[in-house]
Amino acid sequence: MTNGDMQNRKTDARGALAKTRQRLSVAMTGLLVVFTLLMGRLFEVTVLREPSIGRSVASVNETSLYRADIVDRRGEILATDLRGASLFADGREIWDPADAARQLARVIPGLDADAVARRLSTRQAFVWIKRNISPAQQAAVRQLGLPALHFREEPRRVYPNGRTASHVLGFVNVDNHGLAGLERGIENTIIERRNKGGVVELSLDLRVQHALEDELAAAMARFQAKAAAGIVMDVNNGEILGLSSMPDFDPNEPGSGQKDALFNRATLGVFEMGSTFKLFTMAAALDAGKASIASTYDVRTPIAEGPFIIRDTHPQDRVLTMPEVLMHSSNIGTVMIARQAGADVQQAYLRRFGLLNAVPFELRESAGPLLPKNWGQIELATTSYGYGLSVSPLHVAAATAAVVNGGIHHKPTLLKRDSRADVTQTRVLLPETSARMREMMRMVVASGTGRQADVPGYPVAGKTGTAEKQVGSGYDKTRVRTSFVGVFPAKAPQYLVLVLLDEPKPTAETKGYATAGWTAAPTAGKVISRIAPMLNVPVAPIEAPATPPATFASYEELR
Amino acid sequence: MRRAIGFLGTVLLMMLIFGLYTGVHEVKQHEKILKELDLKIAQEAENIRVLKADWSYFNQSGRLQDLVGKRLKLMPTSPGQIVIMANLPERGPAEAPGVKTVRPSDLPFRETGEGVPGEASSIPSKGPTTQVAP
């Protein structure tokens with residue numbers, strides 16, 4: 001080895017060392033960058049990022065709606081969503097469609113095996129077998145052990161109270177979309193409430209609703225009536241505590257009953273209400289100052305008006321005061337009062353009472369009135385005692401509430417009102433007119449046609465109505481629609497009860513009568529005697545037994 | 001000196017990595033428990049809904065009415081059972097000296113609570129108690 005070689009090697013080694021150092025630093029830098037990145041990512045993953053907690057969100061079904069519970073004013077559940085399972089199959093995985101369908105039909109009663117087999121043999125990836133099956137059926141299907149069957153969780157609307165309040169609640173289709181009643185009428189509210197985790201509170205009182213339905217059903221059976229309707233309303237804010245139409249249906253299986261049962265007679269049916277309309281005629285005449293309770297009417301001769309001859313059902317053959325006209329439900333007297341007031345006053349007041357327009361209401365099953373085409377002398381006469389103008393029972397309830405509550409018309413509602421602040425109210429009568437009307441209506445029940453509606457302890461004020469049904473161009477005397485609209489307690493009314501019976505038949509008990517005083521009035525009385533204690537209505541001091549006042553002088557004494 | 005720093009750095013890094021690892025692991029465990037709890041809560045909530053619906057179903061007014069009619073000797077409250085002070089009859093004359101007032105509790109038999117039939121304001125015979133409304 002020479003010195004030069006040594007020198008050379010030294011420089012080589014030095015160069016190699018420098019090179020290595022260079023490479024090392026590059027590698028170090030690279031590693032540093034990588035590790036820094038890793039650290040940063042780790043930091044981001046563990047500290048910075050929102051923890052993605054795997055909340056078990058059930059696969060949201062696009063077709064099915066989730067709805068809030070509906071409860072009554074005391075929190076009793078009227079409608080709720082329960083978890084239901086729906087069965088579907090993957091057609092591609094089915095080995096033998098016919099055999100699978102046979103096995104399924106064995107565990108799910110009512111399943112059409114042939115139809116299912118046909119659908120399965122299309123080999124589609126998604127075939128509905130049956131929506132909303134029961135837990136027992138679900139277990140049975142699992143037991144079959146067929147590979148292609150799957151369940152999808154879906155909300156199922158359940159109405160635990162069965163037929164109770166069926167016309168108010170309505171029902172939903174298989175996708176939980178509302179088809180009738182409140183389920184349809186306030187569907188958006190129900191879905192919004194559900195998204196906020198709340199419930200929909202109704203003004204209904206389940207106990208009142210049951211009492212009303214129970215008595216209506218009993219009356220229908222007793223008088224062999226074709227149908228019935230009833231409304232219980234708070235006269236001071238328009239809240240409806242009970243609303244029923246018979247025959248009714250089970251909202252859990254809305255299709256199972258008679259087709260007629262889905263028709264809501266309390267809000268969608270419009271009828272010529274008969275004598276209950278006399279209340280509005282008299283209130284209008286009194287309020288407009290066209291007549292006073294001291295006015296007298298000679299009802300001895302029937303009135304001929306156009307093609308009609310207007311007679312009285314309970315002829316009195318004497319001169320009556322206004323309260324007596326109402327007590328004995330004199331058609332002649334009422335026509336005289338209407339003529340005193342005039343057509344303009346009559347129409348203006350009927351409009352104020354909301355009888356000439358559809359009732360703004362939460363149910364879409366709410367009908368507008370059927371009005372006479374032109375409002376001449378004949379219509380003035382017939383409308384005064386409730387013929388020629390058809391309205392729904394809800395119309396009459398809301399209007400009567402305004403007549404007795406001091407003269408304020410409230411929009412009827414099925415939703416619980418939080419306070420007096422959000423009440424839509426219009427003054428339609430003077431408070432004095434309302435007071436006179438209350439007194440006259442009390443006399444109808446104390447000693448007039450509505451006697452059988454009275455309840456000891458809870459003095460009732462009201463009016464009966466017996467309307468003959470229109471058959472062709474005439475009226476059938478044997479087929480009537482009877483109604484009673486009453487309020488209690490008479491002095492300061494809190495609640496209104498309306499009962500309507502379609503074609504009640506006379507019984508031995510009613511001495512051969514099928515008029516409102518013998519059918520609708522006692523039914524309303526029974527409803528009131530059941531609901532008054534529930535609603536904490538204070539018992540009134542016992543009145544001296546009222547005797548029918550013969551003249552106006554004795555009426556003054558009664559007051 | 002440099003060695004010490006390098007060694008310390010390595011130890012620190014390892015500790016950090018280990019800490020982070022256990023942290024992540026624990027979080028995962030907690031998330032798992034949370035998921036289970038959420039599921040349980042959801043199930044319980046659903047159970048409560050079912051029970052509430054059941055309760056409502058078994059408490060249908062019509063059903064209770066039928067059962068009470070069959071099994072119990074209770075009747076609907078009639079308005080006559082609720083009495084206010086103003087409707088009670090006047091009290092009799094004050095006790096005269098020497099005259100013993102017989103109270104129901106003095107009688108050898110228990111009161112049957114028989115009311116006067118047909119009288120609206122009387123206490124009905126089947127009423128369990130007489131309520132006095134305020």
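**Close-up views of the predicted model**

View 1. Chain A as a whole has a mean pLDDT of 86, with 92% of its residues at 70 or more. Residues 53-61 of chain A also have pLDDT below 50, and that stretch makes 12 contacts in the model beyond near neighbours in sequence.

**View 2. An open, antiparallel sheet in chain A.** Here you can follow 5 strands of chain A in the order β9-β8-β20-β19-β18. β9 (240-246) and β18 (461-471) of chain A each have a single partner strand, so one side of each has no neighbour in the sheet. On average, neighbouring strands are turned by 10° against each other, direction ignored.

**View 3. Strands β8 and β20 of chain A, with a helix packed on the sheet.** β8 (residues 227-234) and β20 (residues 495-502) of chain A run antiparallel and are joined by 8 bridges. One bridge to look for pairs A:G230 with A:V499 in β20(A). Helix α8 (residues 206-222) of chain A packs on the sheet and touches β8, β9 and β20 of chain A. The direction of α8 makes about 30° with that of β9(A).

**View 4. Helix α15 of chain A.** This helix (residues 431-447) lies across β18 and β19 (474-488) of chain A, running at about 70° to β18(A).

**View 5. The contact between chains A and B.** Chain B brings 32 residues to this contact, and chain A brings 32 residues. On the chain B side, α1 (2-58), α2 (61-71) and β1 (82-83) each give two or more residues. The most come from α1(B), with 16 residues. By type, the chain B side has 16 nonpolar, 10 polar and 6 charged residues.

How values were computed
Residues are numbered from 1 along each chain as its sequence is written. Chains are lettered from A and ligands numbered from 1 in the order in which they are written. This is a predicted model: local features need pLDDT of at least 70, side-chain atom pairs count only at pLDDT 80 or more; totals for chains, interfaces and linings use all residues. Two residues are in contact if their C-beta atoms, placed from the backbone, lie within 7 Å. Helices (H or I, at least four residues) and strands (E, at least two) are DSSP runs, numbered from the N terminus. Ala, Val, Leu, Ile, Met, Phe, Trp, Tyr, Cys and Pro count as nonpolar, Asp, Glu, Lys and Arg as charged, and the others, Gly among them, as polar. pLDDT is the predictor's confidence in each residue, from 0 to 100. Two strands pair if DSSP finds at least two bridges between them. Axes are lines fitted to C-alpha atoms, for helices over the stretch in contact, and angles run from 0 to 180 degrees between N-to-C directions.
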